[in-house]
Amino acid sequence: MLRIKPASLFSRSYTFREDLSHRQTCLIFWSKEGQPSRWSVDIGFSQGRFKGEEIAPSLCINPIETSKASAAQLAGESFSADTIEQCQEREDSFYIFEHEPMVCYTLKVLEVSDGKAHVTCSGTLVVDGYAEPYTTATFSIDSWIPVIESPDDWDKLGL
């Protein structure tokens, strides 16, 4: 589940459910002999209303290096970006009306079980990068998402 709270003092929170009907939502883990292992997280959410508009938000956290040998070992891992510059450099983004960088975030893998990962992510996202100054909102995600370690894993999910 995703919860977005715009920066305005009197704004209400908006809630969105994960969309597990396609390949947009997953934790991908890959390793290649002689290279560090990597993992990334993408989560697409079902369409809903946000500030009078119909949107389908999504989160994209690009590859993160790890010393872990498998996705199952990621339980307890965390990663954070502390500045908008770090988010832009990594090309991590949050899609509301278009892809925008986040201001900061912390991503955690709480548990990996039965081919799914329990992940949380919270921070501040840019809602409108064209506004002067740009507008932001805080967000929090708490989701169980599929773990993909090989192309065959998509078949197991029927995707």
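This report describes the fold, strand pairing and selected residues of one predicted protein model.

## Overall form

The protein chain contains two helices and 13 strands. Its C-alpha trace spans about 50 × 30 × 20 Å along the principal axes. For 159 residues, a compact globule would have a radius of gyration near 15 Å, and the value for this chain, 16 Å, agrees with that.

Of the 159 residues, 42% count as buried. The accessible surface of the chain comes to about 8,600 Å², and carbon and sulfur atoms make up 47% of that surface. Among contacts with a separation of 6 or more, 56% are between residues 24 or more positions apart.

## Strand pairing around E11

Strand E11 covers residues 102-113 and pairs with strand E8, residues 78-81. The two run antiparallel and are joined by four bridges. Within this pairing, Ser 78 stands opposite Lys 108 of E11.

E11 also pairs with strand E12, residues 116-128. These strands run antiparallel too, with ten bridges between them. One of the facing pairs is Thr 106 with Ser 122 in E12. E11 and E12 form a hairpin with two residues between the strands, where Asp 114 takes a positive phi near 50°. As a general point, the side chains of a regular strand alternate between the two faces of the sheet.

Gly 44 belongs to strand E4, which covers residues 37-44. Its relative accessible area is 1%, so Gly 44 counts as buried; the cut-off for buried is under 20%.

Apart from neighbours within four places in sequence, Gly 44 is in contact with Glu 18, Asp 19, Gln 24, Thr 25, Pro 57 and Ser 58. Leu 59 is 15 residues from Gly 44 in sequence, and their C-alpha atoms are 6.5 Å apart in space.

## Cysteines without a bond

A search of the whole structure finds zero disulfides. A disulfide requires two cysteine sulfur atoms within 2.5 Å. The cysteine sulfur closest to that of Cys 26 is in Cys 60, at 9.9 Å, and therefore too far away for a bond. Cys 60 is likewise in no disulfide, since its nearest cysteine sulfur is that of Cys 26, 9.9 Å away. Cys 26 has a relative accessible area of 2% and is buried.

## Aromatic rings

Four aromatic pairs are found in a search of the whole structure. Ring pairs link Tyr 14, Phe 50 and Phe 97 into a cluster.

## Two loop residues with positive phi

Lys 51 is a residue other than glycine with a positive phi, near 50°. Its place is the loop between strand E5 (48-50) and strand E6 (53-55). With a relative accessibility of 47%, Lys 51 counts as partly exposed, because the exposed class begins over 50%.

Glu 91, also a residue other than glycine, has a positive phi near 60°. The loop that holds Glu 91 lies between helix H1 (84-90) and strand E9 (93-95). The relative accessible area of Glu 91 is 59%, so this residue is exposed.

Terms used:
Residues numbered from 1 in each chain as written. Predicted model: local features only at pLDDT ≥ 70, side-chain atom pairs only at ≥ 80, totals over all residues. Heavy atoms only, no water. Buried < 20%, exposed > 50% of the residue type's maximum accessible area, 1.4 Å probe, protein only. Contact = heavy atoms within 4.5 Å. Pairing = 2+ DSSP bridges. Phe/Tyr/Trp six-rings, centres within 6.5 Å; stacked < 30°, edge-to-face > 60°. Rg over C-alpha atoms; globule rule 2.2 N^0.38 Å. Areas by Shrake-Rupley, 256 points an atom, 1.4 Å probe, with all protein chains shown as cover.
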